[in-house]
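Open the model in your viewer and get ready to select residues. We will take the stops one at a time.

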Amino acid sequence: MNKNIIPHNYQISVNDRRKSNQHNSFLLWFTGLSGSGKSTIANVVEQKLHQKGIKTFTLDGDNIRKGINNDLTFSPEDRTENIRRIAEVANLMVNAGLVTLAAFVSPYKKDRENIRSIVKDVNFVEIFINTSLKECESRDVKGLYKKARAGEIKNMTGISAPYEAPESPDIEIKTENESVEAAAQRIVDYITPKLSKQQ
């Protein structure tokens with residue numbers, strides 16, 4: 001860290017913001033293969049929270065890769081940096097008093113552990129959208145798997161790059177056996193006690 005950077009002590013704390021919002025703030029991290037349903041489920045969870053008056057914001061590849069991380073590739077090193085930056089942005093949002101939802105493939109365990117250490121364990125909810133590669137390929141909403149199989153995309157998770165599945169996520173969703181609505185409701189039910197718990 002630069003020795004000339006001296007933090008300023010602001011008078012309004014994260015707890016003040018949480019009190020003002022009348023709910024706790026933390027990070028919901030959705031991980032899984034491309035096409036697993038991460039963004040779809042996160043979107044429904046956010047809608048349900050919004051209906052309850054919870055202040056939220058969702059981070060995903062579209063609003064991150066096109067902006068703050070538009071200088072990064074999909075190499076292993078850049079994937080790690082991508083996730084590190086997202087974790088830092090998410091941490092700021094948690095400190096702003098928002099329930100933050102993040103939907104990213106995030107294939108490496110060490111990177112997800114780093115997120116946990118940045119936002120603090122108590123503020124981190126890991127949600128594994130466990131959809132098989134076969135199912136994700138059959139959906140292929142963005143046509144990425146077809147391109148990867150044709151050799152047009154390098155470092156495609158599940159095809160030419162690894163996905164390290166979470167071993168003990170807070171919530172595991174198997175989309176082949178559970179509807180989007182049911183999965184979203186299960187997540188909301190899980191985090192509801194956390195919304196009112198003081199940290």
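**A tour from strand to helix**

Start with F128 and look across to strand β5: F128 stands opposite E172 there. Keep in mind that this model is predicted.

Now select all of β5, residues 171-173. Strands β5 and β4 run parallel and are joined by three bridges.

Next, pick strand β1, residues 27-31. Which way does β1 pair with β4? The two pair in the parallel sense, over five bridges.

Colour the two sides of β4 separately. In a regular strand, side chains alternate between the two faces of the sheet. On one side of β4 you find F124, E126 and F128. On the other sit V125, I127 and I129. Both faces are covered, and these residues are all buried.

From I129, move to K38, which touches I129. Other residues that K38 touches include F30, T31, A103, F104 and V105. K38 lies in helix α2, residues 38-51.

Is K38 buried or exposed? K38 is buried, yet it has no salt bridge. The nearest side chain of opposite charge is D60, 9.8 Å away. Where does the side chain of K38 reach? Select L33: the K38 side chain reaches the backbone oxygen of L33 at 2.9 Å.

Definitions and conventions: Residues numbered from 1 in each chain as written. Predicted model: local features only at pLDDT ≥ 70, side-chain atom pairs only at ≥ 80, totals over all residues. Heavy atoms only, no water. Helix = DSSP H or I, 4+ residues; strand = E, 2+ residues; numbered from the N terminus. Buried < 20%, exposed > 50% of the residue type's maximum accessible area, 1.4 Å probe, protein only. Lys, Arg positive; Asp, Glu negative; His and termini not counted. Salt bridge = Lys/Arg side-chain N within 4 Å of Asp/Glu carboxyl O. Polar contact = N/O pair within 3.5 Å; in protein donor to acceptor, adjacent residues only side chain to side chain. Contact = heavy atoms within 4.5 Å. Pairing = 2+ DSSP bridges. Lists of a residue's contacts leave out its neighbours within four places in sequence.
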